[in-house]
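Please keep the sequence and the model in view while reading.

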Amino acid sequence: MKRHLSSILVWIAVAVGFPYVAAMQGQPNMYGPSIMADQAKGIAAAAVAEARKNQWTMAIAIVDTAGDLVYFERMDNTQVGSVDVAIAKARSSARFKRPTKAFQDALAAGGEGLRILSLEGATAVEGGVPLVVGGKIVGAIGASGGTSQQDGMTAAAGAAALK
């Protein structure tokens, strides 16, 4: 009986501790030095080029590691509402160290993913992407003006220009 109880206690400890260990192993990148204005302008230029290539109008926001605005650009004829959305996507991505699509997907899955709704500042719409240099997050880009997928493609094109 004692052996059986010990086995059960070990399994409970493993079951309770496993999510914590798994979460720690999956931690996103650490922060590095914040992105500089000249770098941010180049990233935005690449994002705007992607949007133009596809005939989309976008608002592009580049933020530092704290989620504070470093550079912003709104293409002609971009809807005014996209200004705040682009900034919110970039800020969310920088502060939570992940693309905003991760929140969108978790929310869409329902169940435990609905907890995303209680995270202050988490924007659950694709289009925010962390900016990574040397394995460290230096800021994030947010794009808004098209569909979620178009915003994501635009932001990804900007982020790719940093590499």
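The points below go from the overall layout to individual residues.

The structure is a predicted model. Its chain of 163 residues contains five helices and four strands.

**Overall layout**

- Read from the N terminus, the elements follow the order α-α-β-β-α-α-β-β-α.
- Of the 163 residues, 36% count as buried.
- The accessible surface of the chain is about 9300 Å², and carbon and sulfur atoms make up 59% of that area.

**Nonpolar cores**

- In soluble globular proteins, nonpolar side chains tend to be buried together.
- The largest nonpolar core of this chain has 20 residues. Ile35, Ile43, Met58, Ile60, Ile62, Leu131 and Ile141 have the most contacts inside this core.
- Two or more residues of this core come from each of helix H2 (37-53), strand E1 (59-63), strand E3 (128-133), strand E4 (136-144) and helix H5 (148-160).
- Helix H2 gives the most to this core, with six residues.
- Another core, of nine residues, lies apart from the largest one. Its members include Ala59, Ala61, Val63 and Ile87.

**Salt bridges**

- Side chains of opposite charge can pair when their charged atoms come close.
- Lys53 and Glu50 form a salt bridge through their side chains, at 3.2 Å from N to O. These residues are three apart in helix H2, so about one helical turn separates Lys53 from Glu50.
- Asp151 and Lys89 form a salt bridge at 2.7 Å from N to O. This pair links distant parts of the chain, as Asp151 belongs to helix H5 and Lys89 to helix H3 (residues 82-96), 62 residues apart.
- Asp151 is buried, with a relative accessible area of 3%. Lys89 is buried too, with a value of 1%.
- Lys101 and Asp105 form a salt bridge at 2.9 Å from N to O. Both residues lie in helix H4 (residues 100-109), where four positions, or about one turn of the helix, separate them.
- Lys101 counts as partly exposed, at 32% relative accessibility, and Asp105 counts as partly exposed at 39%.

**Strand pairing**

- Strands E1 and E2 pair in the antiparallel sense over five bridges.
- Within this pairing, Val63 stands opposite Leu69 in E2. Val63 is also one of the residues of the nine-residue core.
- Five residues lie between the strands in the hairpin of E1 and E2. In this hairpin, Gly67 takes a positive phi near 90 degrees.

**Loop residues with positive phi**

- Which residues other than glycine have a positive phi? One of them is Gln55, with phi near 60 degrees, and another is Asn77, with phi near 70 degrees.
- Gln55 is placed in the loop between H2 and E1. At 74% relative accessibility, Gln55 counts as exposed.
- Asn77 is found in the loop between strand E2 (69-74) and H3. Asn77 is exposed, with a relative accessible area of 74%.

- Is Ser93 buried or exposed? Ser93 has a relative accessibility of 0%; buried means under 20%, and therefore Ser93 counts as buried.
- The side chain of Ser93 reaches the backbone oxygen of Arg98 at 2.9 Å.
- Leaving aside residues up to four places away in sequence, Ser93 touches Arg98, Pro99, Thr100, Gly128, Val129, Pro130 and Ala140.

Note on methods
Residues numbered from 1 in each chain as written. Predicted model: local features only at pLDDT ≥ 70, side-chain atom pairs only at ≥ 80, totals over all residues. Heavy atoms only, no water. Buried < 20%, exposed > 50% of the residue type's maximum accessible area, 1.4 Å probe, protein only. Areas by Shrake-Rupley, 256 points an atom, 1.4 Å probe, with all protein chains shown as cover. Core = buried A, V, L, I, M, F, W, Y, C linked by side-chain atoms within 4.5 Å. Salt bridge = Lys/Arg side-chain N within 4 Å of Asp/Glu carboxyl O. Pairing = 2+ DSSP bridges. Polar contact = N/O pair within 3.5 Å; in protein donor to acceptor, adjacent residues only side chain to side chain. Contact = heavy atoms within 4.5 Å.
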